[in-house]
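Subject: Handover of a structure and findings

Dear colleague,

Please find below the structure that I am passing on to you.

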Amino acid sequence: MKKTTLGYQKWREKHLTPLTGRVAVVTGGNSGIGFESARGLLALGAEVVLACRSPERGADAVKRLQSEFPGGHVSVELVDLASFASIDAFAENLRGRYEKIHIFLHCAGVYYPREARTVDGLPTTVGVNFVGTVRLSGAVLPLLDADCRMIFTTSLTDRFGRVKGGDALAPDKTEGYPAYARSKHLLSAYVCRAAATRGEGQPAFIAVHPGITATDLLSPAKTSHKPLFSRLGHAFLYVFTHSPEKAALTALWAAAGNVENGACIGPCGLFGISGFPHRTRFAPSVRKSACISKTFRAKKP
Ligand SMILES: NC(=O)c1ccc[n+]([C@@H]2O[C@H](COP(=O)([O-])OP(=O)(O)OC[C@H]3O[C@@H](n4cnc5c(N)ncnc54)[C@H](OP(=O)(O)O)[C@@H]3O)[C@@H](O)[C@H]2O)c1
């Protein structure tokens with residue numbers, strides 16, 4: 001493991017294996033948990049591609065990572081999960097650049113975004129967190145084989161998501177928390193099902209949730225919440241929850257730890273809000289939505 005200012009070194013040395021020669025893609029890698037995951041992957045020796053929607057924020061993240069990991073391989077590719085055309089172009093680009101992606105970490109996400117609709121007319125939260133993520137996963141799937149890992153960042157809120165009347169793309173009046181919980185519920189159910197029905201030659205499908213942490217997810221520039229609410233929310237999370245660096249350990253364990261297809265990983269602390277990663281289970285409501293309630297369960301250690 002390369003020398004850095006990364007924390008939790010003992011835990012990293014005990015649970016993570018080197019990734020030299022491996023290629024990892026991180027969506028949302030310019031910020032928050034995605035950025036911390038990219039740091040951790042670079043420290044393990046992986047070549048990292050940050051999949052970002054903003055060229056400026058992507059380039060800035062590459063600069064910061066290069067100054068911490070001189071000689072590390074990190075680059076940026078553009079993708080906007082709110083646009084099918086952008087997702088398809090990104091995947092085609094990636095297929096032209098690489099024969100194989102060993103780790104694909106879906107980390108990009110939004111909470112109560114300012115834009116009501118995606119380019120393709122979907123409600124943005126579900127459109128980005130679920131529909132765009134799943135479309136991207138399908139578009140890059142041919143690049144990942146059986147010894148690769150497709151990792152999805154879901155949330156503790158997945159169990160509270162409701163899909164009324166089977167309408168996953170429900171109208172805007174449910175934007176905000178209900179739409180976020182619904183998007184993560186659908187995503188978890190997708191991962192649960194993909195793992196259970198995994199075809200020969202397909203990668204391991206793994207769900208991770210980071211607990212709760214203070215990132216830009218609630219920043220006034222990104223959410224429709226009132227700026228004061230966003231700032232107070234961020235300050236509260238900053239004081240009372242674990243750091244983005246620690247929150248990223250669940251993704252790093254999924255990427256470089258002893259983790260199998262169908263695993264669901266979250267922090268081990270009270271209510272799964274913070275702490276070091278451990279195996280947990282998909283919530284019953286998620287398994288029900290995946291229609292495999294009794295046929296598939298991630299084992300506890
Ligand atoms: N923070 C928490 O407590 C928490 C809890 C549970 C789950 N999560 C999940 O963790 C993941 C990372 O969130 P975070 O907390 O690290 O927040 P963050 O700092 O805001 O990071 C979100 C990332 O997603 C990117 N993104 C947003 N919309 C996108 C789009 N349309 N196309 C491509 N990229 C897009 C953002 O890009 P820009 O920088 O350009 O906006 C940013 O890089 C999300 O999936 C979130 O739902 C977070």
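Predicted model: local features only at pLDDT ≥ 70, side-chain atom pairs only at ≥ 80, totals over all residues.

Eight strands form an open sheet in the order E3-E2-E1-E4-E5-E6-E7-E8, and their pairing is mixed. The edges are held by strand E3 (74-78) and strand E8 (277-280); each has a single partner strand, so one side of each is left without a neighbour in the sheet. From one strand to the next, the twist averages 25°.

Strand E6 (residues 204-208) and strand E7 (residues 264-267) run parallel and are joined by two bridges. E7 and E8, by contrast, pair in the antiparallel sense, over four bridges. There, Pro267 stands opposite Pro277 in E8.

The helices

H2 and helix H3 (residues 55-68) cross at roughly 35°, and their axes come within 11 Å. This crossing is right-handed. On the H2 side the contact involves Phe35, Ala38, Arg39 and Leu42, which meet Ala61, Leu65 and Glu68 in H3. Sorted by class, this contact of H2 with H3 has five nonpolar residues, two charged ones and no polar ones.

Two alanine residues

Ala51 belongs to strand E2 (residues 47-52). Is Ala51 buried or exposed? Ala51 counts as buried because it has 28 C-beta neighbours inside 10 Å, the threshold for a buried residue being 20 or more. Setting aside residues up to four places away in sequence, Ala51 touches Val25, Val26, Thr27, Gly29, Glu77, Val79 and Phe90. Among these, Gly29 is 22 residues from Ala51 in sequence, while the two C-alpha atoms are 6.2 Å apart in space.

Ala108 lies in the loop between E4 and helix H5 (124-140). With 26 C-beta neighbours inside 10 Å, Ala108 also counts as buried. Apart from its neighbours within four places in sequence, Ala108 is in contact with Thr27, Gly28, Gly34 and Leu81. Along the chain, Ala108 and Ala51 are 57 residues apart, and their C-alpha atoms are separated by 8.7 Å.

The ligand

How many residues surround the ligand? There are 29, and the closest are Gly28, Gly32, Ala108, Gly109 and Thr215. Ala108, described above as a buried loop residue, is thus listed again here, as one of the closest to the ligand. Helix H2 (residues 32-43) provides the largest share of the shell, three residues. By class, the shell divides into 13 polar, eleven nonpolar and five charged residues.

Yours sincerely

Terms used
Residues numbered from 1 in each chain as written. Near = placed C-beta within 6 Å. Nonpolar A, V, L, I, M, F, W, Y, C, P; charged D, E, K, R; others polar. Pairing = 2+ DSSP bridges. Axes fitted to C-alpha atoms, helices over the stretch in contact; angles between N-to-C directions. Left-handed = near helix turned anticlockwise from the far one by under 90°. Contact = placed C-beta atoms within 7 Å. Buried ≥ 20, exposed ≤ 12 C-beta atoms within 10 Å, placed from the backbone.
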